[in-house]
Amino acid sequence: MPLGGIIFIIFFIAVFGVILIYLARAIGGVAKRTSEAKMEIYECGIPEMEKKDTKISVNFYLTAILFILFDIEIIFMYPWAVNFREFISAGAGTYVFISMAIFLAIFIYGLWWEIKSKALDWEN
Amino acid sequence: MSMDAVLFWFLSIVVIGAGLSVVLMSNPIYSALSLVMTMVGVAALFATLNAYFLAGVQLIVYTGAVMVLFVMVLMLFDLKRELQAFSRGKITGFFKIAGVGVLAGLLVGVITFTTQKTSLIAEGSPLAADIAAQAASGADNTKILSENLFLKNILGFELLGVLLLVIAIGVVALSRSKGGTHARD
Amino acid sequence: MLETSMFSEIGLNHYLVLSALLFTIGMAGILLRRNLIVVLMSIELMLNAVNISFVAFSKYNMNSEGQVMVFFVMTIAAAEAAVGLAIIVSIFKRFKEVNIRFFEHLKG
Amino acid sequence: MSSMGTTTFEIVINLVKTVLIFLMMVQAVPILVWLERRGSGFIQNRFGPNRVGPLGLVQLLADAVKFLNKEDFVPDKGNRFLFYAAPVFALIPAAVAFMAIPMSTPLTVGDSTFLIQGYEVNIGIVFILGISAMAVYTMLMAGWGSSSKFSLMGAMRAAAQVISYELALGLAIVGVILVYGTFNLTEMIVAQQGPLRFSGFGFDFVAPTAFLPNWGIFFQPLGAILLFCAAFAESNRLPFDLAEGEAELVAGFHTEYGGFKMLMFFIGEYGHMMIAAGLMTTFYFGGYGIPGWTTQEVYAAGLSMFGNETAASVFNTAIHFLSFNIKFAIFLWIFIHVRWTLPRFRYDQLMDIGWKTMLPWALFNTILTATVIFLASQYIIG
Amino acid sequence: MDHQILIAVLLLSPLLGFLINGFRFRSQSYVIAGTVATLAVTVSFVCSILLFIELLALPAESRRITAHFFEWINLGDLNINAAFVVDQISSIMLLIITGVGALIHLFSIGYMHHDKGVTKYFSYLNFFVFNMLILVLGDSLVTMFVGWEGVGLCSYLLIGFWFSDSAKAAAGMKAFITNRVGDAAFLLGMFILFMTFGTLNFYELNALAPTTMEASWLGAVTLATLMLFIGATGKSAQIPLYVWLPDAMAGPTPVSALIHAATMVTAGVYMIIRLNPMFVAAPNTMMVIAIVGAATAVMAATIGVVQNDIKKVLAYSTVSQLGYMFLAVGVGAFGAGMMHLMTHAFFKALMFLGSGSVIHAMHEEQDIRKMGGLRKYLPVTHFTFILGWLAIIGFPFFSGFFSKDEILWQSFSSPRGHTLLWVAGALGAVLTAFYMTRLMALTFWGKSRVDKNIHPHESPWTMTVPLIILGILSVISGFIGVPHAIAEFMGHIPNYWQQWLAPVIRPLPIEELQSVTHTLSEEYMLMGISVFLAMCSAIFAYVVYTKKKHIAENTAQSLKPIYNLLDNKYYVDEIYFGAIINPLVKQSRNLWYYIDVNVIDRMTHVASDVATNGGKLVKTLQNGNMQQYAMYVSLGLIIVLSYVLMR
């Protein structure tokens, strides 16, 4: 990626982001007339109930953690995949293939374990 | 001033600014989002250093996965605001801030005074010319990275696979535990 | 002359200084913040700072070891974040607390 | 530096081009909305919007005006900054990623060459994945910033869903990378030129009929299906739109949103759809290539027709741009058609499909591809 | 196929089986576990056969296949490689171990199917085979010692397999500790050899073995070989370290067949044959070996006469037969010893498996007084058992006949033999015939004394097939090594066995050989005497234990003291306890009390007090505040950086 591209992306994010937000506010205008009901958050019309802690299933964060781990394993395969043919033509094909096979075996074992241990089940 | 320099200074301002706000924001969610900004800046810095693939990995792994987890956990906790955002003890607090300041100064000093050259390789050597040529070309070095990773450091690579497996199992075990080894009272 | 070259010619030292500054910011976060999660984030910040210097060394010494190291550091950092957060969530579920001073009670 | 050009002329044109592509993407959204409404009408045996203008086309304009004129407000309990930042994060990553997709052959005018894409990225796929991964923040920021329980639940669901399917997506792409041996999208398209040919196991086989193009779909059928399914989930479209299951969560993470900010969410969602369609086209259907003719042949035809290199280049670019857009449109239509055809999954079914069905299949696809490539190579060498 | 790969497969196949079963040791599916384990050993067996064929193709002098895998230890002069050698000796052992091993694995599927720990059992069994193969194939004493210890471990694990029964666990412990004594001597022998010759590789050692006979008792070779022999007595259950083997019958019966009859216990004999040039050079050691072997043969046989547990009888018979092997190698008849090792592996494995079949049929009943008349219920077992019985009592033209006769003849005729040794051997043979016939009679013949509640049944095919195969082998295997004298008589069958082993066996010095001359007629006569006596003894036993039971009872009554002596196994266990173990325990206790508690503990207490008080002082630093720790770290960093800057 040429450096110009990087500059552009960064400016793009920064400038357009800010412009768009302010554009939105300029066109729509900030709410002038307010009322309690209007500014309340929407809970299907029922008066909102404040609760100390929102109960969110632990499964969500467990999914996120497992995602991190598997994502990294997948990312590890990218440099391998992109150079696989070159490895083969350099004569290191078998070596690289087998080492990735071992890695994949570990990956598959991990996935199998997670499925077997019901860590990925959402039905209670 | 070249484009390189402009980019570097811009990025370093972004990275340092976002890094500072990680520490200074009292709302942990803002801290986390500032950290996301830092990560993106670091990814861009990687790109300026010709490490394009690593820049992509930085985006995918850090911003796309790790920080998502941080933000999700923070939202899970519903911690509106840290009551005591910073250390209270005045003396230790002073020491800590002073220590960090001194540390920063020393690090910068050591870097600028001990390494006079821009590169560790002697100038004028053929290798230095190679480096200059390669740095100028902006060539993608995913291939070199991949060769090093899969031919030289394959053991580390496999071991990381095992580490990730162990953690995947450990995390599930942790999340199943009720927290703490003692019985609840 | 010296001034302009320092600003216009970016070399290894620039990246190293940037890395050092980011590292100390992370250090400050660890020292000063009370929220365990923010402390964990500060650690990530420090690791990122180190990564910058790794990649810089890699470029300026034309050696891919640095990049491989960054790859490994990223993995370890992600693993550390995963386990750290799992522990924090576990503790939070039990004690409803993420203040670092609270965990002094956990010592032997 | 190259893609931004060296002369002022090139830089200006490149900047204008980038803005144009961005605008093209943004402008495609109202058209898609119209298409979706008309299409749903067509599928459900009713008319859809047909009053305003011919075929209801001016309805787009009316919608846009309505969106822009809505009052802009933040709920009292909401977090102002996040509430505003979320829509931006929906739009920008989608746009940035979309711009990396090549849409036609480079245009040569005199000495200058212009790419028909925002910018060329060497690590194309990795870049697109990295940027679109940031879309998760949109949902989390919106969900948290709204401070509404529906929003938060919707955000959590959407985030968990998106990251789950990102695994299958990323793994399906490994197969693509294995086949082409590059991250660069343009190089992939170039590799798909010409008639279908298999080489391996000691022989080089060109398909007997020349009309079959050398497209990735013939090498990665399973990968294509997986990628397409994952793309549905990534863009939160039916049958994977659990995040905004109306019956449970009103409208998911954008329950509290309205007006221009809502429109930005729309653009983000359709932007992801367009990225998916663009990636499908690029990976598996030859990108901007035309089956039966290589780019050189088209260029030569243009040259003989106009006798002018610039004109030939413009002709070449235009034809291929058309070709890309036809394929692109077909995929977008499939997205819309599926939305009105399939019912929604239950959340646990959704996660099961992602983790226990698609991920193993994607793994299988990767292993199969690698093994075939490996065996073929061993056979040729040995 | 490449030799290296073949040997690697041969070795790794049981290891893989061990790992597969070991990782799923909780499983109770005997079919999977048994199939995996049996297949693993069968693969090894196939490899063994292929290697054997490869060896056959080589010229006789250079029959040696070496697989060098990696350098294991390289310290100064000590250079040990992970290298494995297949030659004339080890190829035979390979075939025995993997062949008999495979059959016993197959047998175990049927025998162990009701056991909860069946997967664990098979994993141990495979691990045993792996270690045994290392023992056999290793090209140096160190490599062999690895396998030596490995089989010891497996033996321990398998004897104590039903460890919830404390007696059985104790039996395992006894085997392990007794072996330790032998192993210590083995190590000493290794040290002496290394000090003297500077190598531990078998071929280098054998090449370096002195050509002149060492007359002194204190010479290096004599000492080393004596030490190695003590090691062998531990592993191969000879006087004085035989006591563990009868107790080892606590393990599952197939284990007894594989480990305590066919393979592991022969390791000592194998080791001596491997180093035969070294042993030949030490006539004193050879004499000791021969005497110990003969003594063991007789003594174990006498004990065997009065045992009532079917497996105990077989155990003492094993000890006795091992004594024959040592007798053979002691008089320099290494080929005969090896031959007996093989035939014994077949017929003793057969009989152990047969007894396993009987025990299985009798629902874990092992007392032969409660059996009898089982031939009706167990026809296959009975028939195969008869084959084994005929082989062991040396019935003419069964396998045991050839090997045992050759040993007896050599013990008489060899320059290092002696008439007394022949007498002892013949006595052993007579006793063997007696007690084996007694076993047959009490178990299979005569009237049934089976408990009414027990309904014996023939075993499934997995158990009978190995019995049949081993039965056939017991009958025919003798013909590959027909002794010279009988060969004359049978039309000059060549002695393949001697031919095969000749290149690796060092003959006794020529001057010794010339000092004695014997004629064929002597040999026929001695053979006739021993066979005749043995047959008489067998017939006597048959009559006594099927028709006239009162004779046995009366004899036992009238010879009460001798009977008690035999029944209590010469009080050897008691003597060991009184003379060695109890004093050792007592002295250890004294040591513990006076030295450990009063001196060493006090010193450590002082040290710990210092640590405790110091720790209390430093404890204030460790206050659990992580941020403070981090601050210390950064302070340290500041100091280091300051130093770098100021330097």
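At what angle do the axes of helix α3 and helix α4 of chain D cross? The legends below take up this question and then turn to other parts of the predicted model. Residues are numbered from 1 along each chain as its sequence is written, with chains lettered from A in the order in which they are written. In this predicted model, local features need pLDDT of at least 70 and side-chain atom pairs count only at pLDDT 80 or more, while totals for chains, interfaces and linings use all residues.

**View 1. Helices α3 and α4 of chain D.** The axes of α3 (residues 80-99) and α4 (residues 124-133) of chain D come within 8 Å and cross at roughly 170°, where axes are lines fitted to C-alpha atoms, for helices over the stretch in contact, and angles run from 0 to 180 degrees between N-to-C directions. The two helices, α3(D) and α4(D), are therefore roughly antiparallel to each other, a term for angles over 145 degrees. Here D:Pro93, D:Val96 and D:Ala97 of α3(D) meet D:Ile128, D:Ile131 and D:Ser132 of α4(D), with contact meaning that C-beta atoms, placed from the backbone, lie within 7 Å.

**View 2. Helices of chain B.** Chain B has seven helices and zero strands; helices are DSSP runs (H or I) of at least four residues and strands (E) of at least two, numbered from the N terminus. Among contacts in chain B between residues at least 6 apart in sequence, 51% join residues at least 24 apart.

**View 3. The side of chain C that touches chain B.** Contacts link 63 residues of chain C with 77 residues of chain B. On the chain C side, α1 (2-8), α2 (12-32), α3 (36-60) and α4 (65-95) each supply at least two residues, and the largest share, 22 residues, comes from α4(C).

**View 4. The largest nonpolar core.** Of the 251 residues in this core, A:Ile65, B:Leu69, B:Met72 and D:Ala159 touch the most other members. Such a core is a set of buried Ala, Val, Leu, Ile, Met, Phe, Trp, Tyr and Cys residues joined through C-beta atoms within 7 Å, and a residue is buried if 20 or more other C-beta atoms lie within 10 Å of its own. Helix α6 (residues 149-180) of chain D gives the largest share, 23 residues. Domain 1 (1-81) and domain 2 (122-185) of chain B both contribute residues, so the core lies between them; these bounds come from an automatic or database domain assignment.

How values were computed:
Parallel < 35°, antiparallel > 145°, perpendicular 65-115°, else oblique. Contact = placed C-beta atoms within 7 Å. Buried ≥ 20, exposed ≤ 12 C-beta atoms within 10 Å, placed from the backbone.
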